[in-house]
Amino acid sequence: MKKKHIIAILAFTAVLAAAGALAGCGRSDTADGGGTMTLTNVSYDPTRELYKEYNELFQKHYRETTGKDIRIIQSHGGSGSQARSVIEGSRADVVTLALAHDISLIERAGLIHEGWQSDFANDSAPYTSTIVFLVRKGNPKGIRDWDDLVKPGVSVITPDPKSSGGACWNFLAAWSWGLDHFGGNEIKTRAFMTDLYRNVTVMDSGARGSTTTFVENGQGDVLIAWENEALYSMREYPDKFELVVPSISIMAQPSVAVVDRLARRKGHEEAARQYLQYLYSDEAQELAAKNGFRPSNTDILQRYADRFDLHVKLTKISDFGGWEAAYVKFFNDDALFDKIMADVNGNE
């Protein structure tokens, strides 16, 4: 083929590609071309059951208030991995992730506006959770508090903080107990954490993966888990597990945000905002409680006092100086978690 013909074909192909890109930027995603908007929620592992029900609730609400239908696509995985997927091109309209830090990473990529935590009530955390232990029926290893997890012969299951937001909460809850127990001595607390992770036998990439390892695959003596995940496991497998609330834990705040840049490009920004705002409605707060999450509505939370231990001592991420400070100290490369794991692996 002559060179000028090749150039002409390449030029024509480029024009078609550009036209397709422009057309794609200006359209709204639809389910079947019939005008039904398709909204994408990128979430973390243990919210699967909650959002399966919530999406149906919101679809009904949206239809009643706008006269239009809406379809929700759901994505789940380790919170850190999910954040990276959005940064790398996942077409998210909203994110509902395990911790604010993961959403802040998306903000830094230019996809979410600065100050997003002020968009919704309670720092854009419509529900909270905490960290508990799930043990096998009868609690054969007698696990009652964090110090029981470092005893010889105790097999611990917890996910990897490098990919799982829940795992970061797990680590900070354990660290909180250590600081309290050792009178603020960080050297002794680090030694305790090293002993704890030396007893970890499986470290999955996400919280639901760790639940599967413990509950379905039968590995481990204790699962360090989201409270809602432990409650879900007990509901699904009656008389097989027990929930143990440690003396000290942490108030875990899963956060939500509209992915402004992507939602705006698809014409979904207003619907995305309504989707997250409705999480604060009484109906959605009740649904959160039934799925084991602690409602941000304190009146509704009190109605479920028989389900949640409302007297456990909870530290907060602010006690660590916020997520930025926590990551610098604990979870960035070569920070404390990596050093602890190096000690664990060096002594095996």
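Analyst: Strand S8 is mostly covered in this predicted model. Five of its five residues are buried. S8 spans residues 222-226.

Start with the sheet. It is open and has five strands, with mixed pairing. The order reads S7-S6-S8-S5-S9. S8 therefore stands between S6 and S5, while S7 (200-202) and S9 (241-244) stand at the edges, each with a single partner strand. One side of each edge strand is thus left without a neighbour in the sheet.

Now the two partners of S8. Strands of a sheet pair through backbone hydrogen bonds, either parallel or antiparallel. S5 pairs with S8 in the antiparallel sense, over five bridges. S6 pairs with S8 in the parallel sense, over two bridges. There, Val 156 stands opposite Val 222 of S8.

Next, the helix over the sheet. Helix H9 (residues 227-236) lies across S5, S8 and S9. H9 runs at about 155 degrees to S9. Seven of the 10 residues of H9 are buried, so H9 is largely enclosed by the rest of the structure. The buried residues of H9 are Glu 227, Asn 228, Glu 229, Ala 230, Leu 231, Tyr 232 and Ser 233. Their cover includes the strands S5, S8 and S9. It also includes helix H2 (48-66), helix H8 (207-216) and strand S12 (294-295).

Asn 139 lies in the loop between S5 (131-136) and S6 (156-157). Its phi is near 45 degrees, a positive value in a residue other than glycine. Asn 139 counts as buried because its relative accessibility is 5%, where the cut-off is under 20%. Ser 124 is another case: it has a positive phi of about 60 degrees and is not a glycine. Ser 124 sits in helix H5 (residues 121-124). At 0% relative accessibility, Ser 124 counts as buried too.

One more loop residue deserves a look. Leu 279 is found between helix H11 (269-277) and helix H12 (282-290). Leu 279 counts as buried, at 4% relative accessibility. Leaving aside neighbours within four places in sequence, Leu 279 is in contact with Tyr 51, Tyr 54, Pro 126, Val 256, Ala 284 and Gln 285. Leu 279 and Pro 295 are 16 residues apart in sequence. In space they are 9.7 Å apart, C-alpha to C-alpha.

Last, a helix pair. Two packed helices are described by the angle between their axes and the distance between the axes. Helix H6 (residues 165-181) packs with helix H7 (residues 186-198) at an angle of about 135 degrees, with the axes 9 Å apart. That angle makes H6 oblique to H7. The crossing of H6 and H7 is right-handed. On the H6 side, the contact is made by Phe 171, Ala 174, Trp 175, Trp 177, Gly 178 and Leu 179. On the H7 side, Glu 186, Thr 189, Arg 190, Phe 192, Met 193, Leu 196 and Tyr 197 take part. The residues of this contact divide into nine nonpolar, two polar and two charged.

Definitions and conventions. Residues are numbered from 1 along each chain as its sequence is written. This is a predicted model: local features need pLDDT of at least 70, side-chain atom pairs count only at pLDDT 80 or more; totals for chains, interfaces and linings use all residues. Side-chain values use heavy atoms; hydrogens and water are left out. Axes are lines fitted to C-alpha atoms, for helices over the stretch in contact, and angles run from 0 to 180 degrees between N-to-C directions. Helices (H or I, at least four residues) and strands (E, at least two) are DSSP runs, numbered from the N terminus. Angles under 35 degrees count as roughly parallel, over 145 as roughly antiparallel, 65 to 115 as roughly perpendicular and the rest as oblique. A crossing is left-handed if the near helix is turned anticlockwise from the far one by less than a right angle, and right-handed if clockwise. Contact means heavy atoms within 4.5 Å. Ala, Val, Leu, Ile, Met, Phe, Trp, Tyr, Cys and Pro count as nonpolar, Asp, Glu, Lys and Arg as charged, and the others, Gly among them, as polar. Buried means under 20% relative accessible area, exposed over 50%, partly exposed in between (1.4 Å probe, protein chains only). Two strands pair if DSSP finds at least two bridges between them.
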